[in-house]
Amino acid sequence: MTQVLRTVDLNKRFGGIVVSDNINITIDRGEILGLIGPNGAGKTSLFNLISGVLRPDSGSIFLNGQAVDTSPLYKRARMGIARTWQNMLLFRTMTVIENLLIAPREYAGESILRVTFGLGSVRSAERQARERALGILDRMGLAGTAESMVTDLPFGQQKLIGLARTLMNDGPLLLLDEPMAGVEGAAYETMQAVVRQEAALGRAVCVVEHNVSFIRDLCSRAVFMANGKILQDGTVEELIASKALTELYFGV
Amino acid sequence: MEYLATVTILIAIYVILAASYNLVIGYGGLATVAHPIFFAIGAYVSGLLAIHVGMPPILSVALGAVAAMVASVLLAASSLRVSGDYLLIASLGFQLGLLQLIRNLELTGGPGGLSNIPSTITGAARTPAFLAITIGLAAVSVLGIRAIVRGPYGRAITAMRDEELAFTALGRNAMSMKIVIFAIGCGVAGMAGGVYAYYFQYVSPEQFEVLQSAQILTMVVLGGMATAYGPVVGAVLLLAIPQAITFLNLPQNIMAPLQGIIFTVLVLLFLFLRPTGIMGASESKPRARATEAA
């Protein structure tokens, strides 16, 4: 097992609210780690700390053994920390394929000099990215939507596009923030299948999800968070069996 | 004819200004009111180099553009780092402060401005030459900006404007893209300033007041924000209408307020009836995108 992600004593507070209280987690290559807990537990904040949206007050984050603490958000993405968003944050005036074309770790069109003077190399990079994007869409059964505006698609498909866009980043770590919220039917099956495939390809995946059956189906290990703390780290069965956690989470 | 030619040259210069402002504010979504001061930097730097160094026009106009570009990077890099909204305030301060400096420095001729900028082209060929130069530069600016916003770079600009957080989290450096867009837009404005200085051979602080940005913004909005040819239409309309009115031979006390009334009515009409501007996608075609409308 190769450790892809390791956080060491991550702390973050906003005034009196502690969103991250000495968080230590690890995710291995090929593993799908579930992250569960009530609203406000600090799950998304943890994603924000790992991906670089937030800076921790103290503590460190290692990707493949390398500290990423000083790298800003965009650099961490280039290092291979890919994430999705609860509310997708799609580029809403663009088509599906354009949403994906923006997202490779290295985007040829980002440099005005390269676009102006290195047209050949940009063109071949664009061609490769397009092929890759169509491949990802095809895997999700969405190849036919490539030229549609993202906002014209039903919600479940938009969720999948959010994942597809993130998959353009072929890095070692994939953070999925509530991929199943509001998703049902065919999109649900596709989402599960794709996440499983990505892990099988060797990625370390972390899923924040309220849908416990989704977590149970996908994850061998899960972490339970509340009030910025990790309360338990174990198999999904252990977590579900824990009476204290069930009370806290489900209020039963 | 000379009068018409002068109006046309002025329109061409304003097409460059409006197109570059559109790149910054329309495509880039960077709220700034400092466009006139970058126009001024280009004009003063080119003018001063022409007067004191006797530099050839192409070189001095280029240096004017570079000066505007450097100044814009200083402004953008410092203020965008704080927050996007901060740029508006910082650009206002930059515009007012630098113009005040120009008004008070001996080097720039103080409030009286810079006169006696040498005319490099003289005689009968002067007006046709400047017509060709300004129209040519306007065309190059408009088409150049169109090329920028259409390709992969333009796609990145659109994505950044749509959802900056997601854009950055995908590995895109939004900050440096904003600075580059700002620098290109302001550099082009500086170039327009250089040509302006050479043609009119005289520049003074009141030609670059902050209210100029309202006029240029009106051109952009009326023509169509984030469209390639909107600024052209806007600049032509807003400069031609007042000139056309002068042919009506109305008394001055009616004429002066009439122009203001026409502008205001136009802006209000467009806000209500066609907020996307003349060249913008109409409401009935929500699928049309900025890049397509271009």
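1. A:R203 counts as buried because its relative accessibility is 7%; buried means under 20% relative accessible area, exposed over 50% and partly exposed in between (1.4 Å probe, protein chains only). The model is predicted, so local features need pLDDT of at least 70 and side-chain atom pairs count only at pLDDT 80 or more, while totals for chains, interfaces and linings use all residues. Residues are numbered from 1 along each chain as its sequence is written, chains are lettered from A in the order in which they are written, and side-chain values use heavy atoms, with hydrogens and water left out.

2. A:R203 lies in the loop between α7 and β9 of chain A. Helices (H or I, at least four residues) and strands (E, at least two) are DSSP runs, numbered from the N terminus. Not counting residues up to four places away in sequence, the residues that A:R203 touches include A:D28, A:E31, A:D170 and A:E198; contact means heavy atoms within 4.5 Å. The side chain of A:R203 also reaches the backbone oxygen of A:G171 at 3.2 Å.

3. Just after α7(A), A:G202 has a positive phi of about 110°. Helix α7 of chain A (residues 186–200) has 15 residues and reaches 21 Å from first C-alpha to last, close to the 21 Å expected; the expected span is 1.5 Å times one less than the number of residues.

4. Among the buried residues of α7(A) are A:Y188, A:M191, A:V195 and A:E198. The buried residues of this helix pack against elements of chain A including α5 (119–139), β8 (173–177) and β9 (204–208).

5. At the interface, 23 residues of chain B are in contact with 32 residues of chain A. The area buried between the two chains is about 2600 Å², of which carbon and sulfur atoms give 64%; buried area is the accessible area (1.4 Å probe) that two parts lose on being put together, summed over both. B:R155, B:L170 and B:R172 supply 27% of the area that chain B buries against chain A, more than any other three residues.

6. Three salt bridges are counted between chain B and chain A, a salt bridge being a side-chain nitrogen of Lys or Arg within 4 Å of a carboxyl oxygen of Asp or Glu. The side chains of A:E110 and B:R172 form a salt bridge at 2.7 Å, N to O. On the side of chain B that touches chain A, α6 (152–162), α7 (164–169) and α8 (174–200) of chain B each supply at least two residues. The largest share, seven residues, comes from α6(B).

Terms used
Polar contact = N/O pair within 3.5 Å; in protein donor to acceptor, adjacent residues only side chain to side chain.
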